[in-house]
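Trainee: I would like to learn how to read the features of a structure that is new to me. Could we go through it together, one feature at a time?

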Amino acid sequence: MQLPENEAEEFLLQVWRELLGIDNIGTEQNFFDIGGNSHLIVQLQARIEQKYMKRVKVIDLFRCKTVRAMADYIQGNAQEPGQADAKTKTGKTQDDISDIMQLLDEYSEGETSVEEILKKLGE
């Protein structure tokens, strides 16, 4: 298991533990592979913004799937979050995922409701 190397990684590991209910998490594990989902990533975004007092988009967290990648991005050490594969394991394309992440950003900014998101996703 990869241990945290800085304060940002320690903070993120603690938040992941709380959100996922898992104690043994390494800095290179994939958020979505260990139980993360879109609801939890919105909560993660809020916690990051509260701690670091800067705007972090859900789409960026989706692309930075590990604690290490998220920490680098938050600290400005990464140029751009890594691009997702053309198709994910669920068969969604990057465009599908971008649309979903845009909806989640709108929700987290108070610009849309859960009902509106569900309606759009059902189309």
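Predicted model: local features only at pLDDT ≥ 70, side-chain atom pairs only at ≥ 80, totals over all residues.

Trainee: How is a pair of aromatic rings described, and how many aromatic pairs does the structure hold?

Mentor: A pair of aromatic rings is described by the distance of the centres and the angle of the planes. Rings of Phe, Tyr and Trp (its six-membered ring) pair if their centres lie within 6.5 Å, and planes under 30 degrees apart count as stacked, over 60 as edge-to-face and the rest as tilted. The structure holds 4 aromatic pairs. In one of them, the ring centres of F11 and Y52 are 5.7 Å apart and the planes stand at 80°, so this pair is edge-to-face. The pair links distant parts of the chain, since F11 belongs to helix α1 and Y52 to helix α2, 41 residues apart; helices here are DSSP runs (H or I, at least four residues), and strands (E, at least two) are too, numbered from the N terminus. F11 is buried at 16% relative accessibility, whereas Y52 is partly exposed at 22%.

Trainee: And what is the arrangement of the rings of F31 and F32?

Mentor: Their centres are 5.3 Å apart and their planes are at 90°, so F31 and F32 are also an edge-to-face pair. F32 is partly exposed, with a relative accessible area of 23%. Ring pairs join W16, F31, F32 and F62 into a cluster.

Trainee: Which parts of the chain do the buried residues of α1 pack against?

Mentor: An α-helix has 3.6 residues a turn, so residues three or four places apart point the same way. In α1 the buried residues include F11, V15, W16 and L19, and the buried residues of this helix pack against α2 (38-52) and α4 (67-75), with contact meaning heavy atoms within 4.5 Å.

Trainee: How should I read the salt bridges, and which residue forms one with E9?

Mentor: Side chains of opposite charge can pair when their charged atoms come close. A salt bridge is a side-chain nitrogen of Lys or Arg within 4 Å of a carboxyl oxygen of Asp or Glu, and the structure holds 6 of them. R68 forms one with E9, the closest N and O atoms being 2.8 Å apart. Because R68 lies in helix α4 and E9 in helix α1, this pair ties together parts that are 59 residues apart in sequence. R68 is buried at 17% relative accessibility, and E9 is buried at 2%.

Trainee: What else does R68 meet in a salt bridge?

Mentor: The side chain of R68 also meets that of E28, at 3.1 Å from N to O. E28 sits in the loop between α1 and α2, 40 residues from R68, and is partly exposed, with a relative accessible area of 38%. Taken together, E5, E9, E28 and R68 are linked in a network of salt bridges.

How values were computed. Residues numbered from 1 in each chain as written. Heavy atoms only, no water. Buried < 20%, exposed > 50% of the residue type's maximum accessible area, 1.4 Å probe, protein only.
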